[in-house]
Amino acid sequence: DGIQDSAPQEGREFTEVADLDNIAEYSCIVSSDDGGLYSSRSNVVIPDVRAVGLMVMGQREYIDGDESSLKCFSDDSDLPEDASYRWFRNEALINDEEGMRLEIPVGMEDDEAAYTCLVVVRGKPSAPSPIYRIIVSPQQPSLTISPIPVLDMANYSVVCSTPSSPLSDPLYIFSDGSGFIAEQADPLLLLPAILNNRPQLRCSVSGNGGNSESAPSEPEQPQVQPKPTSVSGDASYTAGDNGVFTCVSASELLDSANFQWFINDDPIPNQSNQQYQRPISIEDDASVLSCTVTVEGQTSDPDEDLLLSVRPVRPTVVITEPAEEDVIEDGSSYTVECDTPTEPLSEPLYIFTINGVDRPNQTSAELSLIASVTNIPTISCRVSADNGDDFSQQSEDISPRVIPQQPSVMGPAQYVDDQPANLVCASPSASANADASYTWYIDNVVVPVTTRQYTEPLSMENSGDVFRCSVTIGEETSLQ
């Protein structure tokens, strides 16, 4: 080996195991048969010893952005420490990498890349190792849902985003808690919002047409808002009526739905049911009733409010003056009152109707009239609060009982026996009424005289008698 001669031997061939750590320079000499004389030394030969049995070992599967961990290894050769290495990716030399280990960042472009290595010992490169392919998966994506919240039965978008780029022929795989939803090249997926079915959505992404798939994203759940609510029920009431209202939504609501009622935008305490009922008072007039529904933390928007119209209870007409009298004399004044049990009334207005004709509205509940025996009215009224916003029903009609004015007997008080009387039954009510009839009384006994004048002869027996009369107009008779 250029340093030490081997023992003499008869054979022309010399066999030795090649050793990369000890590559010798070989020469030989030959002697005669007795070994006394030796030839001169031959030329020097250095065997071409190269490493064999190379292979790439290490991690095969990576996530985009990881650092490779590959080793160039030989099972058949003991590689010296001063050996250098060459690494190739898809047959292209990876510059500046001459160590046994290859530790460089890998990206999506390295998916299915073919790595090989060779070793150089004393300037002699080995044959390249067999191809070693690695698999690179995209980084874990994130899933974004918009809008937040989404209205029930509307579409919402689901976007699968990954920091891994560029991706070659990407595929986006969407799934929910029950399994696969879609696999597509578009990272955007449209789904319908269903209030009572809010899936746990995930997505994963693969490159190279589905060769390697990322880990699934963290789950995201759409926030679904119930459809706007409206109030169903009657809007017009009489004070004291029982109001029944229902909160209505086009969404399919479960028993767990929670309702909130509002009056004039103020929450009504302890009202969480879909139906709301209570007695209606006059204070509720012009109030606005609204409601919302909350499902899984999402509250609807109120859509159609209900404007309440509340009118006072139907009043009654009563005659208050003259008090406690059944009849009213013709020509005298009397007072009627529009009486309603609805209290309190804010800025009330009263309308009296006389013989079917409305009088101008007034703030007083009382009306003064002059009685007329020839024109007995029918009287009714209605009342409103808030300056005439909502009037009550019309009261029942009443008519006062009007009698002719009490007459007086006029004429001489002294007569001669058998002289005709000259007495007149005088009444202002009868003077203008040709249809008036008269009744005469002598000492409270009716006598058969029905004319305005009493002209019967008088006798001594009539001395001291008291003459009275009454007047009848229509069906009403005056006092005597």
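View 1. Cys-425 is buried, with a relative accessible area of 0% (buried means under 20% relative accessible area, exposed over 50%, and partly exposed in between, with a 1.4 Å probe and protein chains only). Cys-469 also counts as buried, at 2% relative accessibility. The two residues form a disulfide with sulfur atoms 2.0 Å apart (a disulfide is a pair of cysteine sulfur atoms within 2.5 Å). The link is right-handed, with 85° about the S-S bond. This pair connects distant parts of the chain, 44 residues apart: Cys-425 belongs to strand 41 (residues 423-426) and Cys-469 to strand 45 (residues 467-473). Helices (H or I, at least four residues) and strands (E, at least two) are DSSP runs, numbered from the N terminus.

**Note on the model.** This is a predicted model, in which local features need pLDDT of at least 70 and side-chain atom pairs count only at pLDDT 80 or more, while totals for chains, interfaces and linings use all residues. Residues are numbered from 1 along each chain as its sequence is written, and side-chain values use heavy atoms, with hydrogens and water left out.

**View 2. The disulfide of Cys-247 and Cys-291.** The sulfur atoms of Cys-247 and Cys-291 lie 2.1 Å apart and form a disulfide. The torsion about the S-S bond of this pair is about 90°, so the disulfide is right-handed. Distant parts of the chain are linked here, since Cys-247 is in strand 22 (residues 242-249) and Cys-291 in strand 26 (residues 288-295), 44 residues apart. Cys-247 has a relative accessibility of 0% and counts as buried; Cys-291 counts as buried at 1%.

**View 3. The disulfide of Cys-160 and Cys-203.** Cys-160 and Cys-203 form a disulfide, with 2.1 Å between their sulfur atoms. The torsion about the S-S bond is about 80°, so this disulfide is right-handed. The pair joins distant parts of the chain, 43 residues apart, with Cys-160 in strand 13 (residues 155-161) and Cys-203 in strand 17 (residues 202-207). Cys-160 is buried, with a relative accessible area of 3%, and Cys-203 is buried, with 1%. A search of the whole structure finds five disulfides. With bonded cysteines counted along the chain, the disulfides follow the pattern 1-2, 3-4, 5-6, 7-8, 9-10.

**View 4. The surroundings of Cys-381.** Cys-381 lies in strand 37 (residues 379-385). The residue is buried, with a relative accessible area of 0%. Apart from neighbours within four places in sequence, Cys-381 is in contact with several residues, among them Cys-338, Ile-351 and Phe-352 (contact means heavy atoms within 4.5 Å). Further partners include Pro-315, Thr-316 and Val-317. Cys-381 and Arg-314 are 67 residues apart in sequence, and their C-alpha atoms are 9.1 Å apart in space.

View 5. Strands of a sheet pair through backbone hydrogen bonds, either parallel or antiparallel. Three strands form an open sheet in the order 31-33-36, and their pairing is antiparallel (two strands pair if DSSP finds at least two bridges between them). Strand 31 (316-321) and strand 36 (366-370) are the edge strands, each pairing on one side only. From one strand to the next, the twist averages 30° (axes are lines fitted to C-alpha atoms, for helices over the stretch in contact, and angles run from 0 to 180 degrees between N-to-C directions). Strand 33 (residues 333-339) is joined to strand 36 by five bridges, and the two run antiparallel. Tyr-334 has Leu-369 as its bridge partner in strand 36.
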